[in-house]
Amino acid sequence: MNTPSPHSPSFAPSSAFLRTLTERGFLNQCSDLAALDGALAQGVVPAYIGFDATADSLHVGHLMSIMTLRWLQRTGHKPIVLIGGGTTRIGDPSFRDTTRPMLDDAAIAANMAGLGKVFAKYLTFGEGPTDAVMVNNADWLDELKYIPLLRDVGRHFTVNRMLSFDSVRLRLEREQPLTFLEFNYMILQAYDFAELSRRRGCRLQMGGSDQWGNIVNGIELGRRMDGTELFGLTTPLLTTASGAKMGKTAAGAVWLNAERLSAWEFWQFWRNTEDADVGRFLRLFTELPLEEIARLESLPGAGINEAKKVLANEATRLCHGDAAAAEAAETARRTFEGSDGAPAEGLHTITVERADLTAGVAVVDLLVRAGLAESKGAARRLVRDGGARVNGEVVTDEAALAGLAELDADGRIRLSAGRKRHALVQAAS
């Protein structure tokens, strides 16, 4: 398998899609850069990324894949969103330490409906040559008979090679269970690519770097079964400059559906980006011109905060729309930049019974409940470091309580972790 580096100075793509991916930092591996570039330059190339329906929303960790599909469509090609209605019943073992919990058909159907809402924000669906389509691999996996599958597809896979994949090898080395059901996942994912090639003329599978082995399996299966030339492309594993996994916070995953996470909280996530990540995230998660991104990331001193606001505005606009992005930005302005310092509507809010506040509630407990600290230990460290505030006042005592005296006229207490992360405590009436 030819896997030349997309970062080689000699690689100058002629297709708008690969040029965009290269310039903006999306491209990690490709099965045959030159051949794929030629195909993309000649006409419309249908390409897909698969998403299992394990939750009713995707999160920021999926956003690089979603943006890849969006750029595919914007450069004149056809995105195929493959929802794993069939493979969700099995579970992808890739780099997991444990077997994924089984979901019933009703839960999978509900999750698929939620995922559809996410993709509708980023892609244009329809019947045109470059309109996106959403397909469900249960349409063909449910029809498979096991013996014909083993005979026609399974014979192209050797157990020796399957055992060599990191997703399998690491589980076995750690002596953690890997069910035979999960072991079959890579065969079914490869078969998905072959079926999409037959049914939709799909020639390219894309995904995160952890999917490279599964993608290569699909390329080889298409060649062996149908003599079809297929391609694979991966995006890099994304971590923050400090090494944290992208899309996780103390409060949990940064979801893309407003039912899971408000537009305000989504905006705040991007506003709190580390300084070293701003330029990279502007290239990956916005559609701003590269010249403007270069200007923003070169702003001196405190100017980087203006770049972070642009990042938050643009990322929120794509996910939640212009109105929600504008409202979140205005909420931030009134909350953190207003002259009166009064808390604005829209902050993440937790509710505490008034009776509990009468006796007083530990500030460290409130910080954890509000998602501003991962644990009581982390909350205590925040207090010791001078980063915890109640109504703007620094908390110096790890045993400090917040009670009725701290409520404002609207029955609220504002909690802060540092200068950028805030939440409200609302007294239950």
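Biologist: What covers the buried residues of helix 13?

Modeller: The cover includes helix 1 (16-24), helix 3, helix 12, helix 14 and helix 15 (303-320). Keep in mind that this is a predicted model.

Biologist: How many residues of helix 13 are buried?

Modeller: Six of the eight. So helix 13 is largely enclosed by the rest of the structure.

Biologist: Which ones are they, in helix 13?

Modeller: Val278, Gly279, Phe281, Leu282, Leu284 and Phe285 are buried there.

Biologist: And helix 12, mostly covered or mostly open?

Modeller: Helix 12 is mostly covered, with eight of its nine residues buried. Those are Ala263, Trp264, Phe266, Trp267, Gln268, Phe269, Trp270 and Arg271.

Biologist: New topic. How many salt bridges are in the whole structure?

Modeller: A search finds 16 salt bridges. In general, side chains of opposite charge can pair when their charged atoms come close.

Biologist: Give me one. What does aspartate 56 pair with?

Modeller: Aspartate 56 pairs with arginine 260, at 2.8 Å from N to O. Aspartate 56 sits in the loop between strand 2 (46-52) and helix 3 (63-74), and arginine 260 in the loop between strand 8 (252-253) and helix 12 (263-271), so the pair ties together parts that are 204 residues apart in sequence.

Biologist: How accessible are aspartate 56 and arginine 260?

Modeller: Aspartate 56 has 29% relative accessibility and counts as partly exposed. Arginine 260 is partly exposed too, at 37%.

Biologist: Back to helix 13. Which residue forms a salt bridge with arginine 283?

Modeller: Glutamate 297 does, and the closest N and O atoms are 2.9 Å apart. Arginine 283 is in helix 13 (residues 278-285) and glutamate 297 is in helix 14 (residues 290-297), so this pair ties together parts that are 14 residues apart in sequence. Arginine 283 is partly exposed, with a relative accessible area of 22%. Glutamate 297 is also partly exposed, at 35%.

Biologist: Which residues do salt bridges with shared partners join into one network?

Modeller: Glu195, Arg198, Arg199 and Asp226.

Biologist: Take arginine 199 and glutamate 195. Where do they lie?

Modeller: Both are in helix 10 (residues 185-200), four residues apart, which is about one turn of the helix.

Biologist: Is glutamate 195 buried or exposed?

Modeller: Glutamate 195 is buried, at 7% relative accessibility. Arginine 199 counts as partly exposed, at 48%.

Biologist: Stay with helix 10. At what angle does it pack with helix 11?

Modeller: About 55 degrees, with the axes of helix 10 and helix 11 (residues 212-226) 8 Å apart. That makes helix 10 oblique to helix 11.

Biologist: Is the crossing of helix 10 and helix 11 left-handed or right-handed?

Modeller: Right-handed.

Biologist: Which residues meet there, between helix 10 and helix 11?

Modeller: On the helix 10 side they include Met186, Tyr191, Phe193 and Arg198. On the helix 11 side, Ile215, Leu221, Met225 and Asp226 are among them. Arg198 and Asp226 also belong to the salt-bridge network.

Biologist: Last topic. How many disulfides does the count come to?

Modeller: Zero disulfides.

Biologist: What about cysteine 202 and cysteine 319, buried or exposed?

Modeller: Cysteine 202 is buried, with a relative accessible area of 1%. Cysteine 319 counts as buried as well, at 2%.

How values were computed: Residues numbered from 1 in each chain as written. Predicted model: local features only at pLDDT ≥ 70, side-chain atom pairs only at ≥ 80, totals over all residues. Heavy atoms only, no water. Disulfide = S-S within 2.5 Å. Buried < 20%, exposed > 50% of the residue type's maximum accessible area, 1.4 Å probe, protein only. Salt bridge = Lys/Arg side-chain N within 4 Å of Asp/Glu carboxyl O. Helix = DSSP H or I, 4+ residues; strand = E, 2+ residues; numbered from the N terminus. Axes fitted to C-alpha atoms, helices over the stretch in contact; angles between N-to-C directions. Parallel < 35°, antiparallel > 145°, perpendicular 65-115°, else oblique. Left-handed = near helix turned anticlockwise from the far one by under 90°. Contact = heavy atoms within 4.5 Å.
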